[in-house]
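Hi,

Here's the structure I promised to pass on. Have a look at it first, and my notes on what turned up follow below.

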Amino acid sequence: MINVSSSTSSLSDDELITVTVSGVSRPSNGDWVAMISPSNSNVNTCLQSELYYVQTGDIAKLPLLCHYPVKAQLMSNDPNYLSCKNQTCSGSIKFHVINIRTDIEFVFFTGGFLTPCLVGRSTPLTFSNPKKPLYGHISSTDSTSTSMRLTWVSGDDQPQQVQYANGKSATSVVTSFSPDDMCSSALLPSPAKDFGWHDPGYIHSAVMTGLSPSSTFNYRYGSDSVGWSEQIKFSTPPARGSDELRFITYGDMGKTPLDDSQEHYIQPGALSVITAIGDEVKSGNVDSVFHIGDISYATGFLAEWDFFLSLINPVASRVSYMTAIGNHERDYVNSGSVYATPDSGGECGVAYETYFPMPTSAKDKPWYSIEQATVHFTVISTEHDWSQNSEQYAWMKNDMASINRQKTPWLVFMGHRPMYTSDHSSADKNFVAAVEPLLLANKVDLALFGHVHNYERTCSVYQNQCKAMPKKDSKGVDTYDHGNYSAPLYVVVGNAGFRLDQFPSTVHNWSLIRISEFGYLRGHATRNDLSLELVTADTKEVKDSFHITK
């Protein structure tokens, strides 16, 4: 028998529930419970399911059911379960559940993850309001900071509203996606098409206009028919030309479960990193956030987007949350991506661009630029064609050449896959050969990348040669003199959640600082100084600091 204890008769939007399995005659290490959604998901054993996991890069031993269970948890997580000596035994485990709109069910198996044998299942559980508007996040639409986009998720297909700034309102545009929008392969079907599919509901997006930059206001979103979010206080970033900007950047975050479940592609550092950033946002010291690729690691297991959006909500609902696309959002065989890998699990950028609409020119052209205060951010897609005859290359060239460096002195270049990393297999020589000369020609100050799951900072480097070394200032902090510009410096900041990569024993002389700890990069730009600090998530200690001067 399986009993589920919830605080109410139906599920709330976010709660920790207890699942109790009773009447077990022989407790075993191989006993486990799956959380499935919707409740009619196919829970038969499918040995080929391991290939679905592995194609995305996840080689963990996970449940081989015919449809991906949103969560799976061993009964041995209850310390009293295996030690029971009674004729019949029971055990209780806790699951963190958020509103994913479709009903859920808990299914008890023996035989472990690899040879599951169904024993019993709970009655289906529904959410009290499956149409509830949730997971709102903000992004900039242009460099004036007078209009901002709010995007949220609901089970309601009718337009809703955002009410903001004491009496203003805007109506949402509603969109969604289906299995037909996902990619697949003749050799191996993708998780997104079938095995990992979960109905995303409806994604609402509305632009709030008539705002003032560098100011705070309240907003809420929803409708009278399906309910409203809480009132949320949000700060607009400074407009281009302002004197000061405080920003945070990182890559490769994903999500960490808030229970003891085993899930597809767990990123162990994500919770500590987003919690630390949330504290910074609460303190009022963050104007904007840039997440440069490998966003949720859902990779075709669509319910995981909801868990990621829930995780970042305390940050992304309060400051501008800008993103770049990574391999785990876009790449798939015969999809038009540069790299013919199955890393996106068949999502092919569709889910990413729907959940995170950036100020791009068109769908599947996920590159853009934005200016905030003294910084011009050029954000590219390393997964789309960047060769010299490509549309993206022409855009990069024109974008960086058009900057008025008198008004916007700093140029920061962002993308997912790095140009310089001690993990040499992660640097594409063709990408470097095509794009690096553009960075030098346009005097890029700082190039930020993810993909490799650690932190690494270079000298001022071009074509694998140090063109200049930073000097220590009066406080002993490395200082790059770009009043006497020689070349960009490069930083890999892919240490925001995914399990960390260690460094090789021998490294190139352009690599100055190497740190393998979870954290994020904190930036502070004025007109004459661009200062950056690597903050470790657990202790909030600054492990590396440097600045660039004009």
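The largest pocket holds about 470 Å³ of space. A pocket here is an open set of points on a 1 Å grid over the protein atoms alone, with protein on both sides within 12 Å along at least five of seven lines, and lining residues have an atom within 4 Å of a point. Volumes are the space filled by probe spheres set on the points, with grid points joined across faces, edges and corners. Before you go further: this is a predicted model, where local features need pLDDT of at least 70 and side-chain atom pairs count only at pLDDT 80 or more, while totals for chains, interfaces and linings use all residues. Residues are numbered from 1 along each chain as its sequence is written, and side-chain values use heavy atoms, with hydrogens and water left out.

Helix H3 gives the most, with five residues. At least two residues each come from strand S5 (89-98), S8, helix H2 (270-282) and H3. (Helices are DSSP runs of H or I with at least four residues, strands are runs of E with at least two, and both are numbered from the N terminus.) By class the lining splits into 14 nonpolar, seven polar and seven charged residues; Ala, Val, Leu, Ile, Met, Phe, Trp, Tyr, Cys and Pro count as nonpolar, Asp, Glu, Lys and Arg as charged, and the others, Gly among them, as polar.

A cavity is a set of points where a 1.4 Å probe fits but cannot get out, and two cavities reach 30 Å³ or more. The largest cavity is about 40 Å³. Its lining includes His-67, Tyr-68, Trp-197, His-198 and Phe-301, and by class it has six nonpolar, four polar and no charged residues. The second largest cavity is about 30 Å³. Tyr-68 turns up in that lining too, along with others including Tyr-53, Lys-71, Glu-263 and His-264; here the classes are six nonpolar, two polar and two charged.

Now the sheets. S8 belongs to an open sheet of four strands, in the order S8-S9-S13-S12 with antiparallel pairing. Strand S8 (134-140) and strand S12 (173-175) are the edge strands, each with a single partner, so one side of each has no neighbour in the sheet. From one strand to the next the twist averages 20 degrees. (Two strands pair if DSSP finds at least two bridges between them.) S12 is joined to strand S13 (residues 202-208) by three bridges, and Thr-175 sits opposite Ile-203 there. Helix H3 (residues 303-316) lies across S8 and strand S9 (148-154), at about 60 degrees to S8. That angle is taken between N-to-C directions on a scale from 0 to 180 degrees, with axes fitted to C-alpha atoms and, for helices, over the stretch in contact.

Strand S14 (residues 216-223) is worth a look too. It pairs antiparallel with strand S10 (residues 161-164) over four bridges, where Gln-163 has Arg-220 as its bridge partner. Another four bridges join S14 to strand S16 (residues 232-235), also antiparallel, with Asn-218 opposite Lys-233. S14 and S15 form a hairpin with three residues between them, and Gly-222 stands opposite Trp-228 in S15.

Finally, a few single residues. Thr-299 lies in the loop between strand S18 (288-292) and H3. Is Thr-299 buried or exposed? Buried, at a relative accessible area of 0%, where buried means under 20%, exposed over 50% and partly exposed in between, with a 1.4 Å probe and protein chains only. Leaving aside neighbours within four places in sequence, its contacts (heavy atoms within 4.5 Å) include His-264, His-328, Asp-343 and Glu-347.

Glu-436, in helix H7 (residues 429-441), is buried as well, at 4%. Beyond four places in sequence, Glu-436 contacts residues including Met-419, Tyr-420, Tyr-462 and Tyr-490. Its C-alpha atom is 9.2 Å from that of Pro-488, 52 residues away along the chain. Asn-442 is in the loop between H7 and strand S23 (446-449) and counts as buried at 14%. With residues up to four places away left out, Asn-442 touches Met-400, Ala-401, Arg-405 and Leu-411.

Cheers
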